[in-house]
Amino acid sequence: MIEIDIPIDLMTVEADGVGQGCMTRSRYSIHEGELLVAGRPGAWSWVRATAVDGRHVTFSLVSEADAAKGARVAPDSMRAEWPWPRFTWLRVEEHTLVQADQGTFMWIDHVQFTLDSTLDDRALLSALVSSSLYAHGYAWPYAHGAEVDFDGRPVHGPWLAETLTSEMFTTVAAGDARRTVDTWLDDEMAEPQSVRTRARVARLLARALDSGTVYRLDVPDDEEHRSNWVGVGATGFHEFVVIDREQEAMHLVVASDD
């Protein structure tokens, strides 16, 4: 008998891969056919509910390949373990959030990642957008990603993370990226920025944009890419990724609102 920590409390699995459990606290409902996350960090597995009888559920283990074909469900409706690709070299080194002046909901968010210098820029961008570290809804502070929408699908800001690709990033000049952020702040803030806010924004952008190749994310604004996530991006969602090979760092800069 194998015990698995799963969203519908403690489940048991027989040697043939079939198990049963009782819904008690983590999820109020489970439907036949749903894929659920099972296991513990570093050793995640997936199971499919094959029968639901009241509070009792029968499920079977599912291979990672089969699990990748459908949405998974997790105990926290805003966070889930997708079958994320694992990149041992991709780690968060630092996170900085600069809030705009009081009375607004605007901000500039910056995350610095490590990179693998043996990969080209497109491979680095592909790794970033497919990792759990990139799945951040921006409705609350960054907590190393893995955030999902109400359907259990990973999100990145107002977008479905799984629909974003490296081909959506276009090279731009650092000065153009800085002007995009500055213009956004000037146009969307009801009052002019304070001297303090201008200085903080300038320091963050100089650090992130002034060394390396700058890429701007351009996503088609359609139902295929947009999630059902609400409350983010009312004033715009401006994203830049900077690949700095000299410092062996990737910078993710997002200017938006919540």
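Arg198 has a relative accessible area of 41% and is therefore partly exposed; buried means under 20% relative accessible area, exposed over 50% and partly exposed in between (1.4 Å probe, protein chains only). The model is predicted: local features need pLDDT of at least 70, side-chain atom pairs count only at pLDDT 80 or more, and totals for chains, interfaces and linings use all residues. Residues are numbered from 1 along each chain as its sequence is written, and side-chain values use heavy atoms, with hydrogens and water left out.

Arg198 takes part in a salt bridge with Asp186, at 3.2 Å from N to O. A salt bridge is defined here as a side-chain nitrogen of Lys or Arg within 4 Å of a carboxyl oxygen of Asp or Glu. The pair joins distant parts of the chain: Arg198 belongs to helix α4 and Asp186 to helix α3, 12 residues apart. Helices (H or I, at least four residues) and strands (E, at least two) are DSSP runs, numbered from the N terminus. Asp186 is partly exposed, at 42% relative accessible area.

Helix α4 covers residues 195–209. Its 15 residues should span 21 Å at 1.5 Å a residue, and the end C-alpha atoms are 21 Å apart, which agrees. The expected span is 1.5 Å times one less than the number of residues.

Thr197, Val201, Leu204, Leu205, Ala208 and Leu209 of α4 are buried. These residues lie on the same side of α4, because they cover an arc of only 105 degrees around the axis. The arc is that of the directions from the helix axis to the C-beta atoms. An α-helix has 3.6 residues a turn, so residues three or four places apart point the same way. On the other side of α4, Val195, Arg196 and Arg203 are exposed.

Several elements cover the buried residues of α4, including β8 (92–99), β9 (106–114), α3 (174–188), β13 (213–217), β14 (238–244) and β15 (249–257). Contact here means heavy atoms within 4.5 Å.

The count of salt bridges comes to 6. One of them pairs the side chains of Arg207 and Glu94, at 2.7 Å from N to O. Arg207 in helix α4 and Glu94 in strand β8 are 113 residues apart. Arg207 is partly exposed at 40% relative accessibility. Glu94 is also partly exposed, at 31%.

A further salt bridge joins Arg178 and Asp210, at 2.6 Å from N to O. Arg178 lies in helix α3 and Asp210 in the loop between α4 and β13, so the pair ties together parts 32 residues apart in sequence. Arg178 is partly exposed, at 23%, and so is Asp210, at 49%.
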